Amino acid sequence: MTQQTGTTSLHLEVIPATPDQAPILANLIELYAHDFSEFLSIDVGEDGKFGYPTLPFYWSDPDRHPFLIRIDGKLAGFALIQKGSEVCNNRTVWDMAEFFILRRYRRHGAGTKAAHKLWALFPGPWEVRVMQSNLAAQPFWAAAVASFTGEKIAPVRFELGERRLFLFSFVSGNMPKGDPSEFRP
């Protein structure tokens, strides 16, 4: 997929992360966690890292899928997909567990295109959870879901432990409307 941003053409790829790329993903998760420390009460450990204890499961559990996102061949973000709802115990739901685009690539459509590719790869019911305090993420996910499904999906407010969240629920077919080549990994 090629995307125009000003005068720059961006080539976006969503690539399954291999076990030998786990350290790369772990490094990107540190940037992601730093961003989220604005919304969550998380602290770095004594080693100076936030960490992500369940990351190794993304290579050992068949219901978890790690991805790297590249733009013009450069690392631009990651996504962690898992099967099973964290909200309603439905094991058939795909969950966007984590999703991150580096600030440099935000607001140019890269995140939306990456999300669309991921949703197309895993047909079926989906859930995307967004913290109510993350005001920038709410319109992003609303627009990404709407442009993928072709309809506005109203999020549902709920609480998960102490977290207040919005939940977008929708179904992905084999391919969304549009050019199918846009959605191949």
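Ser 85 counts as buried, because its relative accessibility is 8% (buried means under 20% relative accessible area, exposed over 50% and partly exposed in between, with a 1.4 Å probe and protein chains only). This is a predicted model, in which local features need pLDDT of at least 70 and side-chain atom pairs count only at pLDDT 80 or more, while totals for chains, interfaces and linings use all residues. Residues are numbered from 1 along each chain as its sequence is written, and side-chain values use heavy atoms, with hydrogens and water left out.

**Surroundings of Ser 85**
- Ser 85 is placed in the loop between β4 (74-83) and β5 (94-101).
- Leaving aside residues up to four places away in sequence, Ser 85 touches Asn 90, Val 93 and Glu 127, where contact means heavy atoms within 4.5 Å.

**Aromatic pairs**
- The structure holds 13 aromatic pairs, meaning rings of Phe, Tyr and Trp (its six-membered ring) with centres within 6.5 Å, counted as stacked when the planes are under 30 degrees apart, edge-to-face when over 60 and tilted for the rest.
- Trp 94 and Phe 122 make a tilted pair, because their ring centres are 4.5 Å apart and their planes stand at 50 degrees.
- Since Trp 94 lies in strand β5 and Phe 122 in the loop between α3 (110-121) and β6 (124-131), this pair ties together parts that are 28 residues apart in sequence.
- Both Trp 94 and Phe 122 are buried.
- Phe 140 and Trp 141 form an edge-to-face pair, at 4.8 Å centre to centre and with 75 degrees between the planes.
- Phe 140 counts as partly exposed at 26% relative accessibility, whereas Trp 141 is buried, with a relative accessible area of 7%.

Key
Helices (H or I, at least four residues) and strands (E, at least two) are DSSP runs, numbered from the N terminus.
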